[in-house]
Amino acid sequence: MIARNLGGALPARGAPTDEDRALLDAAEAYAIAAGAVRLVLWSDTRFDRAHRFYEKRSYVRSGPVRVLDDISNSLEYEYGKPVDGIEVLDAAAAESAIRR
């Protein structure tokens, strides 16, 4: 089982709050209790602060960029992490990563 769409929207400015961390903790715990072996979420390519938050929580960007074809012309990165163990960084995602 793979859990998807774990992350909520982070505020536009400022550091992640205790509420942000608690929300992701609760989503992860729920998914793990339901039998998930890998946790996956999607994040808009414009949300650099959210990307840093997920990366600090051991999520790794993987796979191609997803095109939503919505009114905002949204593009999303997939982030994932295994429940147990270490995951190797996706080479294509690493190659396309933007330096900060």
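Two strands count as paired if DSSP finds at least two bridges between them. Keep that in mind for the close-ups below, which come from a predicted model.

**Figure 1. The whole chain, before we zoom in.** The chain has three helices and four strands, and if you read along the sequence they come in the pattern β-α-β-α-β-β-α. Of the 100 residues in the chain, 35% are buried. Take the contacts between residues at least 6 apart in sequence: 69% of them join residues at least 24 apart. The chain's accessible surface comes to about 6600 Å², and carbon and sulfur atoms account for 56% of that.

**Figure 2. Strand β2 and its partner β4.** Which strand does β2 pair with, and in what sense? The partner is β4 (residues 75-82), and the two run antiparallel over seven bridges. One spot to look for is Trp42, which stands opposite Glu78 in β4. Now check how covered β2 is: seven of its seven residues are buried, so the strand is largely enclosed by the rest of the structure. In a regular strand, side chains alternate between the two faces of the sheet. In β2, one side carries Arg38, Val40, Trp42 and Asp44, while the other carries Leu39, Leu41 and Ser43, and both sets are buried.

Figure 3. Ser43 sits in strand β2, which spans residues 38-44. Is Ser43 buried or exposed? Its relative accessible area is 4%, and because the cut-off for buried is under 20%, Ser43 counts as buried. Its side chain makes a polar contact of 3.2 Å with the side chain of His51. Setting aside neighbours within four places in sequence, Ser43 is also in contact with several other residues, including Ala50, Tyr54, Leu75 and Tyr77.

**Figure 4. Helix α2 and what it packs against.** Helix α2 covers residues 48-56, and its buried residues include Arg49, Ala50, His51, Phe53 and Tyr54. What do the buried residues of α2 pack against? They pack against α1, β2 and β4. Just after the helix comes Ser58, with a positive phi of about 75°.

**Figure 5. Glu28, tucked into helix α1.** Glu28 belongs to helix α1, residues 18-33. With a relative accessibility of 9%, Glu28 is buried. Its side chain makes a polar contact of 2.7 Å with the side chain of Tyr59.

Figure 6. Side chains of opposite charge can pair when their charged atoms come close. How many salt bridges turn up in the whole structure? A search finds seven. One of them joins Asp25 to Arg57, with the closest N and O atoms 2.4 Å apart. That pair links distant parts of the chain, since Asp25 is in helix α1 and Arg57 is in the loop between α2 and β3, 32 residues apart. Asp25 is partly exposed at 39% relative accessible area, whereas Arg57 is buried at 16%. Arg57 also forms a salt bridge with Glu28, where the closest N and O atoms are 3.4 Å apart. Again the two ends come from distant parts of the chain, 29 residues apart. Put together, Asp25, Glu28, Arg57 and Lys81 are linked in a network of salt bridges.

Figure 7. Arg21 and Asp18 form a salt bridge, with their closest N and O atoms 2.8 Å apart. Both residues lie in α1, three residues apart, which is about one turn of the helix. Arg21 is partly exposed at 32% relative accessibility, and Asp18 is exposed at 61%.

Figure 8. Most residues other than glycine have a negative phi. Asp69, in the loop between β3 and β4, has a positive phi near 55°. Asn73 is found in that loop too, with a positive phi of about 55°. Asp69 is exposed at 72% relative accessibility, and Asn73 is exposed at 63%. Elsewhere on the surface, Val65, Val67 and Leu75 form a nonpolar patch with about 220 Å² of accessible area together. Val67 lies in strand β3 (residues 60-67) and is exposed, with a relative accessible area of 52%.

Conventions:
Residues numbered from 1 in each chain as written. Predicted model: local features only at pLDDT ≥ 70, side-chain atom pairs only at ≥ 80, totals over all residues. Heavy atoms only, no water. Buried < 20%, exposed > 50% of the residue type's maximum accessible area, 1.4 Å probe, protein only. Polar contact = N/O pair within 3.5 Å; in protein donor to acceptor, adjacent residues only side chain to side chain. Contact = heavy atoms within 4.5 Å. Patch = residues over 30% accessible without salt bridge, like charges linked within 9 Å, V, L, I, M, F, W, Y side chains within 5 Å. Areas by Shrake-Rupley, 256 points an atom, 1.4 Å probe, with all protein chains shown as cover. Salt bridge = Lys/Arg side-chain N within 4 Å of Asp/Glu carboxyl O.
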